[in-house]
Amino acid sequence: MDETFINSYRSPQLSDNWLLNVNPLNKINIYVALGLITIFFQHWQVNVAITFLFVLLAIAAGRFKNFIGPFLKLGLVIGPFFFIVRAIFWPGENLIFNYGIINITQEGIDLGIQYATIMLVVCGILVLCTVTIKAEDLTYSLEQIGVPHNVSFMILSSLQLIIDLKDKTKVIMDSQRSRGIETEGNVFVRIKAFVPVLSPLFLGAISGAEEKTIAMDARAFSSANPNTHLRFLRPAPGMEKILVLAVDLLILGLIIMGVVL
Amino acid sequence: MSYMELKNVTYRYPLAEQDALKNINYHFEQGKLYGIIGENGGGKTTFCDLMKGLIPSFYGGDLTGEVFIKGKEIRDWESSELASSIGYIFQNPFTQISGIKETVFEEIALGLENLGVEREEIIERVTNVVKQLKIEHLIKNNPNKLSGGQRQRVAFASIIAMETDILVIDEPTSQLDPKGTSDIFEIIHLLKEQGKTILLVEHKIDLIAEYADEVLVIKQGELITSGKTSEVFSNVELLNEGVNIPQIALLSNDMKEHGKPFETFAITKSQAREQILKKGSEKICQ
Ligand SMILES: Nc1ncnc2c1ncn2[C@@H]1O[C@H](COP(=O)(O)OP(=O)(O)O)[C@@H](O)[C@H]1O
Ligand SMILES: [Mg+2]
């Protein structure tokens with residue numbers, strides 16, 4: 001048997017990347033604090049700079065490859081969407097183009113750029129969280145600060161449910177394709193192929209739920225004892241706490257400066 | 001006082017028009033393996049759910065009569081206490097994996113974490129179970145990406161690690177190939193040797209004949225026959241009740257009808273072999 005693997009549970013889970021080893025809650029703290037800057041400055045240049053900083057963080061964590069794909073996919077959909085909505089409908093003095101309800105103004109375009117870049121920051125935070133934090137590490141740290149074990153289970157099993165549903169959809173879609181049903185092509189073809197998949201998918205998920213509850217009950221989920229953890233993280237080292245505090249204070253300072261000036 | 005006992009137990013699911021269990025009486029002794037058989041929809045799973053304490057607390061419905069587990073009435077048990085006394089393994093290996101752990105080793109540890117067992121002991125117990133069930137090669141794998149047979153073994157391991165005295169096992173081999181089935185029965189045999197009390201629902205009748213100390217036959221919610229395995233299967237009339245009977249038991253019955261009965265009624269291959277060898281030597285002596 002793999003003794004090294006079993007032994008790995010005797011010490012805290014650590015990778016060889018310093019950023020990945022930062023406590024999950026501290027990571028979220030830093031990402032969100034950086035994100036907050038945007039609200040107080042309201043310059044698209046600031047937003048772009050922070051987005052760029054997130055890309056750098058992803059690189060520092062050695063997760064650039066995992067980060068960039070989802071980030072571009074998400075950012076390129078949500079960013080332009082907010083831009084267009086703002087740019088087309090926002091009323092303003094400096095009219096550039098007008099046709100029916102379409103009313104493009106300089107103010108609208110400025111605001112659109114502002115919103116679109118804020119959305120890039122939001123997407124950056126979300127994707128950065130998913131690629132640098134393991135869900136079970138997050139729930140572990142939440143439990144350390146007193147969040148109940150059941151909440152962890154709910155978070156983790158919802159995430160797993162999404163993965164399961166995705167896998168099952170793929171299986172059903174594959175079998176439909178093999179029966180000659182068109183599943184590729186434009187949006188309408190895809191939706192038409194997808195709708196009949198939904199009911200078996202969700203019925204399956206629901207009927208499994210009762211059995212799953214029983215199975216988890218058999219694993220003592222309702223036990224009154226405080227639960228223990230096989231896998232664990234190190235307590236955040238002093239340096240890390242200082243770093244997080246420094247970032248928070250710095251950003252607080254920036255924000256206060258931004259508001260005052 | 002018996003280890004587990006049912007007294008006049010009748011149960012009806014909520015909104016159901018018929019009783020799922022009808023006036024059942026039985027007592028179970030510690031350390032024995034009880035085979036539960038009968039046609040589909042007869043009430044075997046309901047019986048397991050009852051013994052696991054899920055009825056009526058989880059399903060609701062009307063339960064009359066009394067169920068004693070280790071001398072204590074089922075309604076007096078805390079459900080959290082029951083989980084550490086009775087292990088439950090069932091048919092569908094897919095719903096038994098928690099889905100929240102990234103390695104098989106952690107999956108098996110989950111129940112122990114919930115019981116509040118200390119880390120060193122968890123590691124020791126999981127390691128032992130992994131060796132017992134010969135799944136050393138799986139410990140690093142993602143439990144959500146195992147085959148049905150592998151999942152069933154992990155489900156067994158997860159429950160066995162909790163070291164409950166009583167195990168309720170509902171059709172554990174229905175998703176398994178012959179190799180997987182014999183592996184699981186090897187495990188069940190091991191558990192019996194460790195002195196566990198086991199309630200086992202299983203369609204593969206030859207396996208029941210070989211491993212069960214006593215058999216309960218349930219049909220339409222009624223316990224129509226029960227008793228020592230060899231006695232139950234020597235009653236060939238059961239065939240008319242839709243119950244499977246081991247081929248060897250039919251052979252023993254044929255021998256009896258042809259006026260050449262075995263000395264003792266054989267229901268397993270090894271018993272029959274013994275009897276046939278005896279008959280052979282009698283002939284030589286004559
Ligand atoms: N959750 C439930 N609610 C209502 N009726 C049920 C439920 N589960 C099983 N039944 C009914 O109880 C009877 C016995 O079912 P079950 O115990 O699953 O049989 P078996 O395991 O022997 O195939 C069946 O008629 C079935 O339809
Ligand atoms: Mg059943």
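**Close-up 1. A:R10 and B:E120 form a salt bridge in this predicted model.** The closest N and O atoms of A:R10 and B:E120 are 2.8 Å apart. A:R10 sits in the loop between α1 and α2 (24–41) of chain A, and B:E120 belongs to helix α4 (residues 119–132) of chain B, so the pair joins two chains. Side chains of opposite charge can pair when their charged atoms come close.

**Close-up 2. A:K134 and B:E102 meet in a salt bridge.** The contact is made by the side chains, at 3.5 Å from N to O. Both this pair and the one in the previous view fall within the 4 Å cut-off for a salt bridge. Between chain A and chain B the count is five salt bridges. Over all chains, a search of the whole structure finds 23.

**Close-up 3. Polar contacts cross the interface of chain A and chain B.** The rule finds 19 residue pairs in polar contact there, with both residues at pLDDT 80 or more. On the side of chain A that touches chain B, the elements giving two or more residues are α1 (3–7), α7 (149–178) and α8 of chain A. The largest share comes from α8(A), with 10 residues. By residue class, this side of chain A divides into 16 nonpolar, 11 polar and 10 charged.

**Close-up 4. Chain A and chain B bury about 3700 Å² between them.** Carbon and sulfur atoms give 60% of that area. Three residues of chain A stand out: A:M1, A:R219 and A:L230. Together they supply 21% of the area that chain A buries against chain B, more than any other three residues. In terms of contacts, 37 residues of chain A touch 46 residues of chain B.

**Close-up 5. The second largest pocket has a lining drawn from chain A and chain B.** Its volume is about 330 Å³. The lining holds 20 residues, and those closest to the pocket centre are A:E211, B:T45, B:D49, B:Q91 and B:D170. Two helices, α8 (187–218) of chain A and α1 (44–51) of chain B, each supply at least two lining residues. The lining of this pocket divides into five nonpolar, nine polar and six charged residues.

Methods:
Residues are numbered from 1 along each chain as its sequence is written. Chains are lettered from A and ligands numbered from 1 in the order in which they are written. This is a predicted model: local features need pLDDT of at least 70, side-chain atom pairs count only at pLDDT 80 or more; totals for chains, interfaces and linings use all residues. Side-chain values use heavy atoms; hydrogens and water are left out. On a 1 Å grid over the protein atoms alone, a cavity is a set of points where a 1.4 Å probe fits but cannot get out, and a pocket is an open set with protein on both sides within 12 Å along at least five of seven lines; lining residues have an atom within 4 Å of a point. Grid points are joined across faces, edges and corners, and a volume is the space filled by probe spheres set on the points. Helices (H or I, at least four residues) and strands (E, at least two) are DSSP runs, numbered from the N terminus. Ala, Val, Leu, Ile, Met, Phe, Trp, Tyr, Cys and Pro count as nonpolar, Asp, Glu, Lys and Arg as charged, and the others, Gly among them, as polar. Contact means heavy atoms within 4.5 Å. Buried area is the accessible area (1.4 Å probe) that two parts lose on being put together, summed over both. A polar contact is a pair of N or O atoms within 3.5 Å; within protein, one must be able to donate a hydrogen and the other to accept it, and residues adjacent in sequence count only if both atoms are side-chain atoms.
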